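Colleague: Before I use this model, I would like to know what stands behind the words used for it. Please take the terms one by one.

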Amino acid sequence: MALSVAGLLAASTSANIILEQIEKSHTVAYGEKVHLIEGTINVIRTGETGPTVVLLSGLGTPAPGLDFAPLVREMRGFRTVIVEGFGYGLSDMTARPRTVENIAEELHEVLSKLGIRAPYTLMGHSIAGFSTLYYANKYPAEVSAVIGIDPTVPASRMSTGGTTDHAEVPAADYWWAHAPSTTGLVRWATALGFGEPGGGSFTAAERQQMRQIASWNFGNPAVTDETLRMGENAAKLQDLRYPDALPVLYFLSQDTMNQQPDWYGAHERQLANVRRHELVVLGGEHYLHWTQSKAMAKKITEFLRHGGTQ
């Protein structure tokens with residue numbers, strides 16, 4: 001039995017390596033590369049006029065540039081900038097420690113190199129709520145508003161993973177995290193529909209490329225390190241609040257609220273000092289932008305064009 005399993009894994013790994021090489025040689029890259037000292041980050045820009053909105057993905061989202069596509073298509077009249085941080089999409093898969101400070105510094109450098117004019121709106125999904133909170137305090141003159149898509153707040157149960165300890169072990173020591181990718185298990189799982197985005201707003205080509213990138217990137221060193229540092233980063237942000245005068249709009253998932261009864265309350269408390277803030281509850285799962293892109297775009301337009309941004 002053990003020999004049979006080992007043989008299957010060996011065959012799967014060999015097939016996966018060949019298929020991945022073929023895919024990478026034939027897949028058309030999207031976005032543009034921004035070169036930092038630490039490595040290369042992929043960025044997708046759309047729109048030529050209107051206020052700028054910078055989009056940041058949740059933890060482990062395989063291809064943010066594709067993941068946000070339904071929402072970006074609805075955001076007419078805005079310039080959008082999707083930044084695929086290290087470990088995501090077509091960016092480099094290795095990076096320095098994924099502390100909230102390093103992530104914010106890299107984002108700031110990317111936007112500066114691209115000549116993105118401040119002030120701009122930051123929009124973050126899930127764990128990117130850490131980045132928007134830290135960044136808005138680190139660079140207050142450059143942020144005109146913040147939008148959260150079911151964002152993680154430092155006080156929530158989702159934010160710590162049960163620990164606030166510093167991650168002392170290098171992510172490279174967690175080689176097994178990438179094993180499901182190397183052996184082809186992620187490839188076969190996505191082929192069976194696991195992790196498939198909900199809703200009907202993605203094109204067939206987008207879905208296919210998302211499946212491929214999920215197979216390539218799963219458990220890479222940068223995302224593994226970021227996962228290990230969730231508690232550490234949450235602890236750093238526990239007492240931090242958004243500036244009083246910064247407009248903040250949160251979209252909260254009804255599904256997440258059903259799973260975490262204090263989800264709404266935690267967000268409400270985080271924004272208690274913010275003079276102009278709104279919490280909008282939408283039906284659907286954590287990735288609200290998959291199925292609620294039209295409603296979200298309408299609300300974003302209303303919020304930002306009535307005092308939310310310049």
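Predicted model: local features only at pLDDT ≥ 70, side-chain atom pairs only at ≥ 80, totals over all residues.

Colleague: Which residues of H4 and H5 meet?

Modeller: Val-100, Glu-101, Ile-103, Ala-104, Leu-107, His-108 and Leu-111 in H4 meet Phe-130, Ser-131, Tyr-134 and Tyr-135 in H5. Contact means heavy atoms within 4.5 Å. By class, this contact has eight nonpolar residues, two polar and one charged. Ala, Val, Leu, Ile, Met, Phe, Trp, Tyr, Cys and Pro count as nonpolar, Asp, Glu, Lys and Arg as charged, and the others, Gly among them, as polar.

Colleague: What makes S3 and S5 a parallel pair?

Modeller: Two strands pair if DSSP finds at least two bridges between them. S3 (residues 52-56) and S5 (residues 120-125) have four, in the parallel sense, so they count as a pair. Leu-55 stands opposite Met-123 in S5.

Colleague: Which strands stand at the edges of the sheet?

Modeller: The open sheet has eight strands in the order S1-S2-S4-S3-S5-S6-S7-S8, with mixed pairing. S1 (32-36) and S8 (277-282) each have a single partner strand, so one side of each lacks a neighbour in the sheet.

Colleague: What is the volume of the largest pocket, and what makes it a pocket?

Modeller: Its volume is about 590 Å³. On a 1 Å grid over the protein atoms alone, a pocket is an open set of points with protein on both sides within 12 Å along at least five of seven lines; a cavity is a set where a 1.4 Å probe fits but cannot get out. Lining residues have an atom within 4 Å of a point. Of the 32 lining residues, Gly-60, Thr-61, Pro-62, Ala-214 and Phe-218 are the closest to the centre of the largest pocket. H8 gives the largest share of that lining, five residues.

Conventions. Residues numbered from 1 in each chain as written. Heavy atoms only, no water. Helix = DSSP H or I, 4+ residues; strand = E, 2+ residues; numbered from the N terminus. Points joined across faces, edges and corners; volume = space filled by probe spheres on them.
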